[in-house]
Amino acid sequence: MTTPVPYKITDVWTEQTLPAAIRNAHSTKAGTWGLLRVLEGAVQLVWEDGSGSETVTPDRPGVIRPQAPHHVEITGPARMQVEFYRERPPA
């Protein structure tokens, strides 16, 4: 089995440059998986369905299911980016 490869990777964002669209509720398209990678610091990946949140760190990326509404909350200095996949990414 081959390891999934991202078809798109965002720019690196900081706590100051993270777009408002990412800070507010949004979701990926049908069939698109996201992988939130924090390069430095930590952020909260919050699920809009009320199932809670998870802390995303350099050692613990956040897997985002297709069409799962979510947003990112900044808890301090951080650098992050999102990778997009057509199948579940390696986490």
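The talk below sets labels against their definitions.

Tutor: Gladly! Keep in mind that this is a predicted model. Pick a residue to begin with.

Student: Why is Val 43 called buried?

Tutor: Buried means under 20% relative accessible area. Val 43 has 0% relative accessibility, so Val 43 counts as buried. This residue lies in strand β3.

Student: What makes Val 43 and Met 80 a contact?

Tutor: Contact means heavy atoms within 4.5 Å. Leaving aside neighbours within four places in sequence, Val 43 is in contact with residues including Leu 36, Val 56, Val 72, Ala 78 and Met 80. So Val 43 and Met 80 must have heavy atoms within 4.5 Å.

Student: Which residues touch the most other members of the largest nonpolar core?

Tutor: That core has 16 residues, and Leu 36, Val 43, Leu 45, Val 72 and Met 80 touch the most other members. Both β3 (33–47) and β6 (70–85) supply at least two residues of this core. Leu 45 is in contact with Leu 36 and Val 72, among others, when neighbours within four places in sequence are set aside. As background, nonpolar side chains in soluble globular proteins tend to be buried together.

Student: How do you know that β3 and β6 pair?

Tutor: Two strands pair if DSSP finds at least two bridges between them. Here 13 bridges join β3 to β6, so the two strands pair. They run antiparallel, and the bridge partner of Trp 47 in β6 is His 70.

Student: What makes β3 and β5 a pair?

Tutor: The cut-off is at least two bridges, and β3 and β5 (residues 62–64) have three, in the antiparallel sense. So these strands pair as well. Gly 34 has Ile 64 as its bridge partner in β5.

Student: How many bridges link β3 and β4, and what do these strands form?

Tutor: Five bridges link β3 to β4 (residues 52–56), again antiparallel, with Gln 44 opposite Thr 55 in β4. The two strands form a hairpin with four residues between them. In the turn, Gly 50 has a positive phi of about 85 degrees.

Student: What classes of residue line the largest pocket?

Tutor: Its lining has eight nonpolar, six polar and two charged residues. The pocket has a volume of about 220 Å³. His 26, Ser 27, Thr 28, Val 82 and Phe 84 lie nearest its centre. The largest share of the lining, four residues, comes from β6.

Methods:
Residues are numbered from 1 along each chain as its sequence is written. This is a predicted model: local features need pLDDT of at least 70, side-chain atom pairs count only at pLDDT 80 or more; totals for chains, interfaces and linings use all residues. Side-chain values use heavy atoms; hydrogens and water are left out. A nonpolar core is a set of buried Ala, Val, Leu, Ile, Met, Phe, Trp, Tyr and Cys residues joined through side-chain atoms within 4.5 Å. Buried means under 20% relative accessible area, exposed over 50%, partly exposed in between (1.4 Å probe, protein chains only). On a 1 Å grid over the protein atoms alone, a cavity is a set of points where a 1.4 Å probe fits but cannot get out, and a pocket is an open set with protein on both sides within 12 Å along at least five of seven lines; lining residues have an atom within 4 Å of a point. Grid points are joined across faces, edges and corners, and a volume is the space filled by probe spheres set on the points. Ala, Val, Leu, Ile, Met, Phe, Trp, Tyr, Cys and Pro count as nonpolar, Asp, Glu, Lys and Arg as charged, and the others, Gly among them, as polar.
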